[in-house]
Amino acid sequence: MNNYIDLRQKNEPNLQHVKNIFNTNEIKTVSACPLCNSKQFLVTGRIDVNYLIENWIKTRNFNPIPLAYLNKKLEQRLCKNCNLTYYNYSITDCEQLYNLLATHNYYPAFRPEFEFVIDFLNNKKIKSVLEVGCGGGGFLDKIQNYVPLVLGSEYSQTAIKICKQKNLNVTDEKIENIKSKFDVVCNFEVAEHVNNLKEFMQSCLNKVDKNGYLIISTPNPNGVLNFVGDGILDLPPHHQCIISKKTFEYLAKIFNLKLTAYYETKLTYAEYENYVKHITHKNLESPDIAGFNLTSKILSGHSHVVIFKKIEPKKQLKTNI
Ligand SMILES: [Zn+2]
């Protein structure tokens, strides 16, 4: 794997005058794959937690990691059974982290995968959509004029405020507490933030109507992120796991879903610029368009999307024996 992270030895970071946002000091160790429970894994990276904390402080001026994890080594593991990438510690996130991130241009108004999903909604004449973790409402804003019922759920109050300014229908209720069912439940770049993917899938599926769809987009481990994705935002407590196409196939199997469509986003020019910066260690302005055309033929973009169809269990035929 290319996303092997260097093990760096650092001294204890200076935490004076730094805003700490965690509300726990408990260490949660992960002893098996959080999706399939297998204990068979490959170690694909290691990073010093102190190095992570230093980088949060340097780049964002706050520390989202509980101090109990000081001097620990974070180990990235690839499950040999379901292909999920997870970590040896469950350093969980909290609403406060997203409230602070929301002020750093965190929620994009557009993602390359939106068009693929919007085409799907149009083709299937979808009547109701629930977006779980709708952030600043970038996607809801694009579909609210032609999907009759649109609802977003979000737990960051800062993000909800952004949605309300756009007159979007949003709630801070947990998915379990939302009463209705929807033709489509979707989430964009949310699944990699949850530390129990199985539970998250189940709560989303509970809100999918009969023969409806669950759509998930998440960073693509085979895309550009594999080459440039070693930043703090790709690691706990922000990202808790990496979901591959093989993991999508595993999810389809255990939840009895049909994997009806799969799409890898194309490399965007902005991603290409980042990639060139990363491999040349130079801040090149407007790198060559010919190089972009060539690279985009061999390298996918940031995300991949899957569309699962819910299959209703077949009724047991009554036999007279
Ligand atoms: Zn697994």
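A: Let's start with burial: a residue is buried if 20 or more other C-beta atoms lie within 10 Å of its own, exposed if 12 or fewer, and partly exposed in between, with C-beta atoms placed from the backbone. Asn 83 has 20 C-beta neighbours inside 10 Å, so it counts as buried. Keep in mind that this is a predicted model, where local features need pLDDT of at least 70 and side-chain atom pairs count only at pLDDT 80 or more, while totals for chains, interfaces and linings use all residues. Residues are numbered from 1 along each chain as its sequence is written.

Q: Where is Asn 83 found?

A: Look in the loop between β4 and β5 (85-87); helices (H or I, at least four residues) and strands (E, at least two) are DSSP runs, numbered from the N terminus. Asn 83 is not a glycine, yet its phi is positive, at about 70°. Asn 71 also has a positive phi, near 70°, and is a residue other than glycine. Asn 71 sits in the loop between β3 (62-63) and β4 (73-79).

Q: Is Asn 71 buried or exposed?

A: Asn 71 has 9 other C-beta atoms within 10 Å, so it is exposed. Across the protein, buried residues make up 37% of the 321 residues.

Q: Which residues have the most contacts inside the largest nonpolar core?

A: In general, nonpolar side chains tend to be buried together in soluble globular proteins. A nonpolar core is a set of buried Ala, Val, Leu, Ile, Met, Phe, Trp, Tyr and Cys residues joined through C-beta atoms within 7 Å. Here the largest one has 69 residues, and those with the most contacts inside it are Leu 52, Leu 84, Val 129, Val 184, Val 185, Leu 214 and Ile 215. Because domain 1 (19-91) and domain 2 (113-310) both give residues to this core, it lies between them; the bounds come from an automatic or database domain assignment.

Q: Leaving aside neighbours within four places in sequence, what is Val 184 in contact with?

A: Contact asks for C-beta atoms, placed from the backbone, within 7 Å. For Val 184 the partners are Leu 121, Ile 126, Val 129, Gly 212, Tyr 213 and Ile 215.

Q: Which residues are buried in helix α6?

A: In α6 (residues 197-206) they are Leu 197, Met 201 and Cys 204. They cover an arc of only 65° around the axis, which puts them on the same side of α6; the arc is that of the directions from the helix axis to the C-beta atoms. The exposed residues Glu 199 and Asn 206 are on the face turned away from that buried side. The buried residues of α6 pack against β6 (128-132), β9 (182-188), β10 (208-219) and α8.

Q: How many bridges join β6 to strand β7?

A: Strands pair if DSSP finds at least two bridges between them. β6 and β7 (residues 149-153) run parallel and are joined by five bridges, with Glu 131 opposite Gly 152 in β7. Three bridges join β6 to β9, again parallel, and there Glu 131 stands opposite Cys 186. Four of the five residues of β6 are buried, so this strand is largely enclosed by the rest of the structure.

Q: Which residues does a cis peptide bond join?

A: Pro 236 and Pro 237, with omega about 5°. Pro 237 lies in the loop between α7 and α8, and His 238 lies in the loop between α7 (225-228) and α8 (245-254). His 238 has 18 C-beta neighbours inside 10 Å, so it counts as partly exposed.

Terms used:
Contact = placed C-beta atoms within 7 Å.
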